[in-house]
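Student: Hi! I would like to go through a structure with you, one question at a time. Could you show it to me?

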Amino acid sequence: MGEKISVQDIAEVLAKAEGLQKNEAQSFVRVFFDTVFKGLGQDKYVKIKGLGAFKIVEVDNRESINVNTGERFTIGGHAKISFTTDNNLKELVNKPFAHFETVMLNEHVTDDDLEMVNHRFEDTNHEKDVLNQGFSSQSVSIQNEQDTTLCPFDDQEHNNNIPEVTEKYEVLANSKEHLESNNQSSPEQLQFDSPIASNMVSDVEQTKVPSKRSFRNWVWAMLCFIAMLLGYVVGQLEFSSFNIRDYFTIVHDTVLERELVHDTIWINKDSFTEESKELKHATAANNGANQDKYADMPEDGVPQVKGGAYQIVGLRETYTLRSGETIRIIAERFYGSREMALYIATYNHIVDANKVAAGTVLKIPELKLKTK
Amino acid sequence: MNNKEFINELSTTLELPIQSVAKLVETTVKIISEELCDGNTVSVQGFGSLEVKKKMERVMVSPITKQRMLVPPKLIVCFKPSATLKDKFK
C-alpha cells in the first residue's frame with residue numbers, strides 16, 4: 001500500500017514472468033513509455049488495451065483574477081495531457097468500493113441533514129466511550145475511598161466512609177435509572193452498564209468485610225485505575241469534538257438513527273426543527289454579513305474592485321497628478337505595488353489607468369484587507 | 001494511435017516479432033494494473049506517474065430529471081504527467 005513502483009521494479013517482475021534478462025525487460029519498459037510519448041506527439045492519442053487512453057487536450061485562453069490585487073489577467077491556452085482509465089482497470093481498482101451504489105435522495109433531505117447524519121454517526125461511537133469514562137472514573141473514586149477505609153489506623157474514617165460509599169452507589173444507581181429512562185432503545189448500553197453496576201455492589205460489599213480481602217481489593221483498584229487511564233485517553237481524544245449539549249439529544253435520537261441507517265436518509269423533521277431554525281438564523285445572519293462585506297456596490301456608493309483582496313473603506317487623501325506620473329506610479333508610492341492602481345482607478349471612476357491628464361485631482365482610497 | 005498501431009510501432013523499434021511484443025505488452029499492463037490494485041504508485045521517470053486516489057462521496061443533480069443523488073465514494077486511477085512531459089507538449 002502506498003509504495004512507489006519504478007521502471008526497475010516493473011522490469012524485474014516482467015523478467016521473471018517472461019523469462020527475460022533484467023536489462024532486456026528494463027529496456028522494453030523504457031521503450032514502452034517512450035512509444036506512448038511518441039504516439040502522443042504523432043496522433044495526440046494513444047490507447048493501450050487494459051490500461052487506458054492518453055490524450056492531449058487543448059485548453060483555451062481564459063480570464064482570471066489576481067487574488068491579491070483583483071487585477072484581471074489571462075491564462076494562456078496550453079496543452080493538457082489527460083488519461084482515461086480502461087473500464088476493466090477502473091473496475092479492478094474500485095473493487096473495494098464496488099458494493100456501493102448511487103442512491104436517490106428524497107425531496108426533503110437537505111445538505112444540513114446529510115452532514116448531521118454523518119456527524120451523529122461519529123458521535124454514537126463517542127457516546128459509549130464517554131459513558132465508559134464516566135462510569136470508570138466514578139468507580140475509581142469509590143475505590144479510592146475504599147482504599148482509605150482499608151487503612152487500619154483510623155476506624156473513625158472507616159465508619160464515616162461506608163455511608164459515603166453507599167451514597168455514591170445510590171447516585172450511581174440513580175444516574176443509571178436516568179439513563180434507562182432516557183435511552184430505552186439501546187440495549188447494549190444497558191448491558192454494558194449492568195456489569196459495572198454489579199461490580200459496584202460487590203465492591204461495596206467488600207468494604208464491609210475488612211482487610212482479609214485487601215489483596216483482592218488492591219487488584220480491583222489496579223483494574224479500575226487502568227480503566228480510568230483508558231477512559232481518560234479516549235476521552236481526551238474524543239471529547240474535543242463532543243459537545244455536552246448534544247449529549248442528551250443524541251441519546252434520544254439513537255432510535256431515529258437506527259431508522260436512518262435502514263432508510264438511508266430520512267430524518268424526522270420534528271425533532272430537528274428547533275435546531276434547524278437556529279441554523280437557519282445563524283446562516284441568515286452570516287449571509288447578511290457577507291453581503292455587506294463583499295458587495296461590489298454597497299449602499300454608501302463606494303465602488304469596490306470585484307474579486308479584489310482589499311476593500312475600499314474611505315478617502316485617505318487627495319493627490320494632484322503631475323506631468324510624467326501615472327496612476328501606476330502613484331499606486332506604487334502609496335501601496336507599494338503598481339498593480340494596486342486598479343483600486344485608485346476604480347475609486348475615481350477612471351476607465352483607462354494609463355491615460356490620465358496631468359493636474360487631475362485623484363482621491364486615494366483607504367484600503368482594508370478583506371478577512372474571510 | 002490505437003492498441004494495434006502501438007504494438008506495431010513497438011515491434012519496429014525493438015525489432016521483435018509482433019506476437020511476442022503483444023505478449024510483453026499484455027504482461028506489462030497486467031503488472032502495472034496489479035500494482036495499482038494494491039494501492040501502489042507507478043512512477044516512470046520523464047513520463048509521469050499513475051496513482052490511485054480516493055474520491056469522496058458527493059451529492060449530484062441529474063441534469064435531465066433534476067433528481068438529487070448521492071454518489072458513493074470510489075477509487076480511481078489518475079495520471080500525473082511529469083514536468084518534462086508537460087513542457088514538451090506546451
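Student: Leaving aside its neighbours within four places in sequence, which residues is B:Glu9 in contact with?

Tutor: Happy to start there, and keep in mind that this is a predicted model. B:Glu9 is found in helix α1 of chain B. Setting aside neighbours within four places in sequence, its contacts are A:Thr35, A:Lys38, A:Gln42 and B:Met1.

Student: Is B:Glu9 buried or exposed?

Tutor: The relative accessible area of B:Glu9 is 18%. Buried means under 20%, so the residue falls on that side of the cut-off and B:Glu9 is buried.

Student: Which residue forms a salt bridge with B:Glu9, and how far apart are the closest N and O atoms?

Tutor: The rule finds two salt bridges across the interface of chain B and chain A. In the one formed by B:Glu9, the partner is A:Lys38, and the closest N and O atoms are 2.7 Å apart.

Student: How many residue pairs are in polar contact across the interface of chain B and chain A, and which element supplies the largest share of the side of chain B?

Tutor: With both residues at pLDDT 80 or more, the rule finds 12 residue pairs in polar contact across this interface. Several elements of chain B each supply at least two residues of the side that touches chain A, including α1 (3–14), β2 (48–55) and α3 (83–88). The largest share, 13 residues, comes from α2(B).

Student: By class, how many nonpolar, polar and charged residues does the side of chain B that touches chain A have?

Tutor: Let us begin with the contacts: 51 residues of chain B are in contact with 59 residues of chain A. By class, the chain B side has 29 nonpolar, 11 polar and 11 charged residues.

Student: What area do chain B and chain A bury between them, and which residues of chain B lose the most?

Tutor: The size of an interface is often given as the accessible area lost when the parts come together. Here the two chains bury about 5,100 Å² between them, 74% of it on carbon and sulfur atoms. In chain B, 15% of what that side buries comes from the three residues that lose the most area to chain A, namely B:Met1, B:Arg68 and B:Phe89.

Student: What is the order of the strands in the open sheet, and which of them stand at the edges?

Tutor: Three strands form this open sheet, with antiparallel pairing, in the order β7(A)-β4(B)-β3(B). β7 (103–104) of chain A and β3 (58–61) of chain B each have a single partner strand, so one side of each is left without a neighbour in the sheet. The strands at the edges are therefore β7 of chain A and β3 of chain B.

Student: What is the bridge partner of A:Met104 in β4(B)?

Tutor: β7(A) and strand β4 (residues 68–71) of chain B pair over two bridges in the antiparallel sense. A:Val103 stands opposite B:Leu70, while the bridge partner of A:Met104 is B:Met69.

Student: Where does A:Lys44 lie, and what is its phi?

Tutor: Most residues other than glycine have a negative phi, and most peptide bonds are trans. A:Lys44 lies in the loop between α2 (22–43) and β2 (45–48) of chain A. Its phi is positive, near 60 degrees.

Terms used. Residues are numbered from 1 along each chain as its sequence is written. Chains are lettered from A and ligands numbered from 1 in the order in which they are written. This is a predicted model: local features need pLDDT of at least 70, side-chain atom pairs count only at pLDDT 80 or more; totals for chains, interfaces and linings use all residues. Side-chain values use heavy atoms; hydrogens and water are left out. Two strands pair if DSSP finds at least two bridges between them. Helices (H or I, at least four residues) and strands (E, at least two) are DSSP runs, numbered from the N terminus. Contact means heavy atoms within 4.5 Å. Buried area is the accessible area (1.4 Å probe) that two parts lose on being put together, summed over both. A salt bridge is a side-chain nitrogen of Lys or Arg within 4 Å of a carboxyl oxygen of Asp or Glu. A polar contact is a pair of N or O atoms within 3.5 Å; within protein, one must be able to donate a hydrogen and the other to accept it, and residues adjacent in sequence count only if both atoms are side-chain atoms. Ala, Val, Leu, Ile, Met, Phe, Trp, Tyr, Cys and Pro count as nonpolar, Asp, Glu, Lys and Arg as charged, and the others, Gly among them, as polar. Buried means under 20% relative accessible area, exposed over 50%, partly exposed in between (1.4 Å probe, protein chains only).
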